[in-house]
Amino acid sequence: MGLLPIFVSPPIQQIDSKLTCTENVELYVLRLDLVHPLISGNKWFKLKYNLEAAQRENFDTILTFGGAYSNHIYATAAAGNLFGLKTIGVIRGEETLPLNPTLEFATSQQMQLVYVDRQTYRQRNSEALRQKLYARFGKVFIIPEGGCNLNGVIGCTEIISQDCQSINFDTVCIACGTGTTLAGVAISVNDKQHVIGFPVLKGGGFLKQDIESLLTQYQVAKNRSWELICNYHFGGYAKVNNELLRFARDFELEYGIPLDYVYTAKMFYGVMDLLQQGYFRYLNRRRLLLIHTGGLQGNTGTKMNQGFNF
Ligand SMILES: *Cc1c(COP(=O)(O)O)cnc(C)c1O
């Protein structure tokens with residue numbers, strides 16, 4: 001992967017507010033949204049070893065899955081284009097024209113889009129659908145939806161860098177979709193550091209098992225200290241309300257950090273709300289590292305889709 005130098009190491013930004021002061025808590029944001037202009041956030045980490053495996057095993061085509069606004073589809077299309085791999089995106093639902101900005105971009109990066117109905121999409125991890133895809137597209141390297149596999153986890157163990165560790169944080173906060181990122185981060189932190197995941201899907205408790213299974217695949221020997229806080233989903237995946245949109249807008253105005261509405265806005269909202277309630281002070285957690293996992297490309301689509309004009 002000769003083009004790697006265009007990736008920059010993510011800056012860490014401290015957030016000072018009245019609240020952090022009165023609660024006596026330090027807040028730091030790891031800006032993964034800035035690692036690359038197109039392959040942003042945690043998606044790069046989840047793709048990295050998948051792309052490497054594909055190249056090593058002489059595949060010339062990557063096939064993966066996602067919804068119409070998927071950050072993973074966006075990042076895979078860009079990464080494929082950058083590293084000279086063809087890409088096929090299996091998209092949930094029917095084609096709608098004109099293409100939304102996410103799929104328009106994917107097409108501009110030469111990704112071939114294939115639409116499947118929701119019922120077929122639900123089978124995305126089944127062997128039967130895999131065989132059908134091989135029959136139709138030939139030799140393709142299949143990456144699961146969201147980059148959720150062992151290679152994805154391994155990439156995410158690289159998120160917490162030396163720079164991060166020099167802050168000496170005691171808690172890391174992450175927005176969770178599949179939990180792959182959380183698994184990688186939980187593997188890489190030390191015994192004294194605790195990881196909190198904020199699922200953005202309703203009823204995110206099911207993620208606990210998925211994450212445990214990813215940790216088992218990685219064969220982690222010792223127990224990791226992590227938990228999920230499941231009540232900041234705002235109605236479910238990609239659901240937003242005015243309160244969340246207003247929070248994201250005010251946060252950006254105050255700290256200069258844009259948040260995406262599907263993932264990071266919900267996690268940051270949750271952290272600020274817990275901070276306000278004295279949660280971290282009560283648990284004697286003093287240094288929080290919030291991982292900004294990127295995803296900003298999706299904001300236009302989310303707003304258009306839900307009729308918000310904010
Ligand atoms: C995909 C995504 C996540 C979720 O990552 P998982 O590893 O699936 O939990 C979080 N934040 C952003 C911005 C994302 O695009």
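The model is predicted, so local features need pLDDT of at least 70 and side-chain atom pairs count only at pLDDT 80 or more, while totals for chains, interfaces and linings use all residues. Residues are numbered from 1 along each chain as its sequence is written, and side-chain values use heavy atoms, with hydrogens and water left out. The ligand lies between domain 1 (4-37 + 150-305) and domain 2 (42-147), because both give residues to the shell around the ligand. The domain bounds come from an automatic or database domain assignment.

**Ligand shell**

- There are 16 residues around the ligand, and Lys 43, Asn 71, Thr 178, Thr 181 and Thr 293 come nearest. A residue is near a molecule or strand if one of its heavy atoms lies within 4 Å of it.
- By class, the shell holds 10 polar, 3 charged and 3 nonpolar residues. Here Ala, Val, Leu, Ile, Met, Phe, Trp, Tyr, Cys and Pro count as nonpolar, Asp, Glu, Lys and Arg as charged, and the others, Gly among them, as polar.

- A polar side-chain atom of Thr 178 is 2.6 Å from an oxygen atom of the ligand.
- For Lys 43, an N or O atom of the side chain lies 2.7 Å from an oxygen atom of the ligand.
- Gly 177 takes part through its backbone, with a polar atom 2.8 Å from a ligand oxygen.
- Of the 390 Å² of accessible area that the ligand has on its own, the protein covers 98%. Accessible areas come from the Shrake-Rupley method with a 1.4 Å probe; for residues, only the protein chains shown count as cover.
- Helix H2 (42-56), strand E7 (171-176) and helix H9 (180-188) are the elements that give two or more residues to the shell. H2 gives the largest share, 3 residues. Helices (H or I, at least four residues) and strands (E, at least two) are DSSP runs, numbered from the N terminus.
- A polar contact, as the term is used here, is a pair of N or O atoms within 3.5 Å; within protein, one must be able to donate a hydrogen and the other to accept it, and residues adjacent in sequence count only if both atoms are side-chain atoms.

**Helix H9**

- H9 is mostly covered, with 8 of its 9 residues buried. Buried means under 20% relative accessible area, exposed over 50%, and partly exposed in between (1.4 Å probe, protein chains only).
- The buried residues of H9 are Thr 180, Thr 181, Leu 182, Ala 183, Gly 184, Val 185, Ala 186 and Ile 187.

**Strand pairing**

- Strand E10 (287-292) is largely enclosed by the rest of the structure, because 5 of its 6 residues are buried.
- E2 and E10 run parallel and are joined by 6 bridges; Glu 26 stands opposite Arg 287 in E10. Two strands pair if DSSP finds at least two bridges between them.
- E7 and E10 also run parallel, joined by 3 bridges, and Cys 173 stands opposite Leu 290 in E10.
- Strand E3 (residues 61-66) pairs with E4 in the parallel sense over 6 bridges. Ile 88 in E4 is the bridge partner of Leu 63.
- Strand E4 (residues 86-92) is mostly covered, with 5 of its 7 residues buried.

**Backbone features**

- The peptide bond from Leu 97 to Pro 98 is cis, with omega near -5 degrees. Pro 98 lies in the loop between E4 and H4.
- Asn 24 has a positive phi of about 55 degrees although it is not a glycine. Asn 24 is in the loop between helix H1 (18-22) and strand E2 (26-31), and it counts as exposed at 52% relative accessibility.
- Asn 284, also not a glycine, has a positive phi of about 60 degrees. Asn 284 sits in the loop between helix H13 (279-282) and strand E10, and counts as exposed at 53% relative accessibility.

**Two helix residues**

- Asn 299 is in helix H14 (residues 299-306) and counts as buried at 13% relative accessibility. A polar atom of the Asn 299 side chain lies 3.1 Å from the backbone oxygen of Leu 259.
- Thr 107 lies in helix H4 (residues 101-108) and is partly exposed, with a relative accessible area of 35%. Thr 107 and Phe 137 are 30 residues apart in sequence and 18 Å apart in space, C-alpha to C-alpha.
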